[in-house]
Amino acid sequence: QPTGDERLRILYLPIYERRYGKYKHGLRDALQNYGLVYELDYINATFDLEAIVRQWQPHIMVSQFHSPDALMLSELVNARRAKPDMLVVNWNGDVYEDKLVNERMIAYLKHVDWQLVVNASVIPIYEAHGVKSAYWQVAYEPIDESKLPAVVRHDVIFLANAYTPEQLAFAQEHGES
């Protein structure tokens with residue numbers, strides 16, 4: 001926690017996805033409402049995470065590690081050692097259980113404080129392994145509504161993933177397309 005007049009410092013390590021010619025920036029913008037954000041392209045840049053953490057002293061690190069190969073575990077451990085009170089929150093937007101709960105990923109996640117997921121079915125598995133987790137769909141991404149196509153408006157929209165044949169059948173039976 002920041003002390004006195006100090007501002008919250010957030011180290012943000014997203015996966016950069018190019019969509020519509022722009023990088024997604026909704027979560028970064030939201031985080032900037034709460035503190036200073038140091039954004040790091042951990043996939044495409046060369047960096048020393050431990051040195052960045054030692055120098056910048058973030059209160060929170062928000063990452064998007066989708067596999068234990070995203071960032072070497074030793075780098076994560078050394079960064080945590082450089083600032084032991086730093087809260088580490090990882091978000092994983094993958095839905096496939098084999099990627100979320102394999103033995104290597106579970107071992108990796110034991111070094112984060114919170115694992116946020118879009119597939120809530122893995123939460124009991126994480127809990128059984130002592131990994132704190134919660135459901136979190138995705139960050140809001142601002143759009144330019146003037147560039148959206150005209151579509152039929154609905155009172156209710158149901159958003160879901162077809163993880164099972166039963167869910168797919170439900171969607172096909174009740175969907176418009």
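Colleague: Residues how many positions apart account for 67% of the contacts with a separation of 6 or more in the protein chain?

Modeller: In this predicted model, residues 24 or more positions apart account for 67% of the contacts in the protein chain that have a separation of 6 or more. The chain itself has seven helices and eight strands, and 33% of its 177 residues count as buried.

Colleague: Why is V88 called buried?

Modeller: The relative accessible area of V88 is 0%, and buried means under 20%, so V88 is called buried. Its place is in strand β6, which covers residues 87-92, and, leaving aside neighbours within four places in sequence, V88 is in contact with M61, L76, R80, V112, D113 and W114. V88 and W114 are 26 residues apart in sequence, while their C-alpha atoms are 6.7 Å apart in space.

Colleague: What makes N90 count as buried?

Modeller: N90, which is also found in strand β6, has a relative accessibility of 0%, and because the limit for buried is under 20%, N90 counts as buried. Not counting residues up to four places away in sequence, N90 touches several residues, among them S63, Q64, F65 and W114.

Colleague: How many aromatic pairs does the structure hold, and why is the pair of Y38 and W56 called tilted?

Modeller: The structure holds four aromatic pairs. For Y38 and W56, the ring centres are 5.5 Å apart and the planes stand at 55 degrees; planes under 30 degrees apart count as stacked and those over 60 as edge-to-face, with the rest as tilted, so this pair is tilted. The pair links distant parts of the chain, with Y38 in strand β4 and W56 in helix α2, 18 residues apart.

Colleague: Why does W56 count as partly exposed?

Modeller: W56 has a relative accessibility of 21%, and partly exposed lies between the limits of under 20% for buried and over 50% for exposed, so W56 counts as partly exposed. Y38, with a relative accessible area of 30%, is partly exposed.

Colleague: What makes the pair of W91 and W136 edge-to-face?

Modeller: The planes of W91 and W136 are 80 degrees apart, with 5.9 Å from centre to centre, and because planes over 60 degrees apart count as edge-to-face, this pair is edge-to-face. W91 lies in strand β6 and W136 in the loop between β8 and α7, 45 residues apart.

Colleague: Is W91 buried or exposed?

Modeller: W91 has a relative accessibility of 15%, and because buried means under 20%, W91 counts as buried, whereas W136, at 30%, counts as partly exposed.

Methods
Residues numbered from 1 in each chain as written. Predicted model: local features only at pLDDT ≥ 70, side-chain atom pairs only at ≥ 80, totals over all residues. Heavy atoms only, no water. Helix = DSSP H or I, 4+ residues; strand = E, 2+ residues; numbered from the N terminus. Buried < 20%, exposed > 50% of the residue type's maximum accessible area, 1.4 Å probe, protein only. Contact = heavy atoms within 4.5 Å. Phe/Tyr/Trp six-rings, centres within 6.5 Å; stacked < 30°, edge-to-face > 60°.
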